[in-house]
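Welcome, and please get your viewer ready.

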Amino acid sequence: MSRPQGSAGEPRVLLYTRDGCHLCDEARAVVADVCGAAGEAWREIDIDVDDGPGGDLVGKYGDYVPVVEVDGVQQGFWRVDAARLARRLAR
């Protein structure tokens, strides 16, 4: 079965973070574990460095990082729910 990907072959999972964010460190570990178990690639985007898709990521996510998106749909922020992420990746 083919898995959808974002534009230009982006991984299905995007994790928006920023430097010095302790919740981002926790989210990174959860995303890495869940994506590793599901065999899915993921990409981390530092909102202070990369304008990313749609630009102005600081304005969009500044108070909410870490933010996780799957297939372009926001799945959560601040705390990543491993079970929810795994369910979403199983679709």
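Begin by selecting Trp 78, which at 41% relative accessibility counts as partly exposed, where buried means under 20% relative accessible area, exposed over 50% and partly exposed in between (1.4 Å probe, protein chains only). Before going on, two notes on the model. It is predicted, so local features need pLDDT of at least 70 and side-chain atom pairs count only at pLDDT 80 or more, while totals for chains, interfaces and linings use all residues. Residues are numbered from 1 along each chain as its sequence is written, and side-chain values use heavy atoms, with hydrogens and water left out.

Stay on Trp 78 and check its backbone: phi is near 65°, a positive value in a residue other than glycine. Trp 78 sits in the loop between E4 and helix H3 (82–90); helices (H or I, at least four residues) and strands (E, at least two) are DSSP runs, numbered from the N terminus.

**The aromatic cluster**

Rings of Phe, Tyr and Trp (its six-membered ring) pair if their centres lie within 6.5 Å, and planes under 30 degrees apart count as stacked, over 60 as edge-to-face and the rest as tilted. By this rule the model has 4 aromatic pairs. In the pair of Tyr 64 and Phe 77, the ring centres are 5.1 Å apart and the planes stand at 80°, so this pair is edge-to-face. Tyr 64 belongs to the loop between helix H2 (57–61) and strand E3 (67–70), and Phe 77 to strand E4 (residues 73–77), so the pair ties together parts that are 13 residues apart in sequence.

How accessible are Tyr 64 and Phe 77? Tyr 64 counts as partly exposed at 39% relative accessibility, and Phe 77 counts as partly exposed at 32%.

Show the surface next. Tyr 64, Phe 77 and Trp 78 form a nonpolar patch there, with about 300 Å² of accessible area together. Patches are made of residues with over 30% relative accessible area and no salt bridge, like charges being joined within 9 Å and nonpolar side chains (Val, Leu, Ile, Met, Phe, Trp, Tyr) within 5 Å. A salt bridge is a side-chain nitrogen of Lys or Arg within 4 Å of a carboxyl oxygen of Asp or Glu. Accessible areas come from the Shrake-Rupley method with a 1.4 Å probe, and for residues only the protein chains shown count as cover.

**Strand E1**

Move to strand E1 (residues 13–17), where 5 of its 5 residues are buried. Val 13, Leu 15 and Thr 17 point one way, while Leu 14 and Tyr 16 point the other way. In a regular strand the side chains alternate between the two faces of the sheet.

Which strands pair with E1? E1 pairs with strand E2 (residues 42–46) in the parallel sense over 5 bridges, and 4 bridges join E1 to E3, which run antiparallel; pairing requires that DSSP finds at least two bridges between two strands. On the E2 side, Val 13 has Trp 42 as its bridge partner, and Leu 14 has Arg 43. On the E3 side, Leu 15 stands opposite Val 68.

**Backbone stops**

Select Val 65 and Pro 66, whose peptide bond is cis, with omega near 0°. Pro 66 is in the loop between H2 and E3.

Finish at Asp 71, in the loop between E3 and E4. Asp 71 has a positive phi of about 55° although it is not a glycine, and at 27% relative accessibility it counts as partly exposed.
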